[in-house]
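This briefing describes a protein structure, topic by topic, for a reader who is new to the subject. Please keep the sequence and the model in view while reading.

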Amino acid sequence: MEEITILVVDDEEEIRNLIAIYLQNEGYRVLKAADGVEALEMLRREEVQLLILDVMMPRMDGIQACLKIREQQHLPIIMLSAKSQDMDKIYGLSTGADDYMTKPFNPLELIARVKSQLRRYMKLNQVSALREDELEIGDLLINTATRGVKVSGRDVKLTPTEFAILELLARHPGVVFSTEHIYERVWKESFGQSDNTVMVHIRKLREKIEEDTRKPRYIKTVWGVGYKIENAF
């Protein structure tokens, strides 16, 4: 089984170390960060499957960090906080956290919640990725090994560039990619300010996979921001 990595973010070293000991005893690989800034830097470098995130921290607190992380990633986030009021919990969950525990907490209960979130996360990943080389979103089926695409069972022929754009969006459902980001990830060169290349390819891609290009089901435009593929149908 592939090793699961968990990032523990708390400005108190004793708490970081305590949580790490319990997680490591369960066989998890543990990374540690002292605030939201360090956490974001670590997430850029490391593949992480779950995040334990304290709310009250210097430089960047857990709420700000959670909002930024949710712009790009959908890994489970368990928030820790000394605040126990219902409104504090609701606010924490509304920013994108999957679970919320108040301090002081029982480490064994935290481990149980970690396992629960990971089971849910792995199950959802199995739904969206039937195999390592296959992605399924609604009636759209993408095989990254054969570079094949089917819509409602119908084969769709895409150019290599169209496929690369579709794969990028499909691997990150719900995440909005700017035109600049798509261009630099697919063409692997700097984006020109007046370049409409991405827009042209998105239009051609929609013509091939959408039933109605005026009301696209898969590739959505987020006006003023970029494009995304919906993560639910």
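A residue is called buried when its relative accessible area is under 20%, exposed when that area is over 50%, and partly exposed in between, with a 1.4 Å probe and protein chains only. By this rule, the buried residues of helix α6 are Glu-162, Phe-163, Ile-165, Leu-166, Glu-167, Leu-168, Leu-169 and Ala-170. The model is predicted: local features need pLDDT of at least 70, side-chain atom pairs count only at pLDDT 80 or more, and totals for chains, interfaces and linings use all residues. Residues are numbered from 1 along each chain as its sequence is written, and side-chain values use heavy atoms, with hydrogens and water left out.

**The parallel sheet**

- Helices (H or I, at least four residues) and strands (E, at least two) are DSSP runs, numbered from the N terminus; two strands pair if DSSP finds at least two bridges between them.
- Five strands make up an open sheet with parallel pairing, in the order β2-β1-β3-β4-β5.
- At the edges stand β2 and β5 (99-102), each with a single partner strand, so one side of each has no neighbour in the sheet.
- From one strand to the next, the twist averages 20°; axes are lines fitted to C-alpha atoms, for helices over the stretch in contact, and angles run from 0 to 180 degrees between N-to-C directions.
- Strands β3 (residues 50-54) and β4 (residues 77-81) run parallel and are joined by four bridges, and Asp-54 stands opposite Leu-80 in β4.
- Helix α2 packs on this sheet and touches β1 (5-9) and β2, its direction making about 160° with that of β1; contact means heavy atoms within 4.5 Å.
- Helix α3 (residues 62-70) also packs on the sheet, where it touches β3 and β4, and its direction makes about 170° with that of β4.

**The antiparallel sheet**

- A four-strand open sheet has the order β6-β7-β8-β9, and its pairing is antiparallel.
- Its edge strands, β6 (134-137) and β9 (154-156), each pair on one side only.
- Neighbouring strands of this sheet are turned by 20° against each other on average, direction ignored.
- Four bridges pair strand β7 (residues 140-143) with strand β8 (residues 148-151) in the antiparallel sense; Leu-141 stands opposite Lys-150 in β8.
- Helix α6 packs on the sheet, touching β6, β7 and β8, and its direction makes about 110° with that of β7.

- Two packed helices are described by the angle between their axes and the distance between the axes.
- For α6 (residues 160-170) and α8 (residues 197-209), the angle is about 85° and the axes are 10 Å apart.
- Helix α6 is therefore roughly perpendicular to α8 (angles under 35 degrees count as roughly parallel, over 145 as roughly antiparallel, 65 to 115 as roughly perpendicular and the rest as oblique).
- In this contact, Thr-161, Glu-162, Ile-165 and Leu-166 of α6 meet His-201, Ile-202, Lys-204, Leu-205, Lys-208 and Ile-209 of α8.
- These residues divide into five nonpolar, two polar and three charged (Ala, Val, Leu, Ile, Met, Phe, Trp, Tyr, Cys and Pro count as nonpolar, Asp, Glu, Lys and Arg as charged, and the others, Gly among them, as polar).

**Asp-35 and Arg-59**

- Asp-35 lies in the loop between β2 (29-33) and α2 (36-45), and it counts as buried because its relative accessibility is 5%.
- The side chain of Asp-35 makes a polar contact of 2.9 Å with the side chain of Arg-59 (a pair of N or O atoms within 3.5 Å; within protein, one must be able to donate a hydrogen and the other to accept it, and residues adjacent in sequence count only if both atoms are side-chain atoms).
- A polar atom of the Asp-35 side chain also lies 3.0 Å from the backbone nitrogen of Val-37.
- Arg-59, in the loop between β3 and α3, counts as exposed because its relative accessibility is 62%.

**Backbone exceptions**

- Most residues other than glycine have a negative phi, and most peptide bonds are trans.
- Arg-59 has a positive phi of about 65° although it is not a glycine.
- Lys-188, in the loop between α7 (179-186) and α8, has a positive phi near 55°.
- Lys-103 and Pro-104 are joined by a cis peptide bond, with omega about -5°; Pro-104 lies in the loop between β5 and α5 (107-128).
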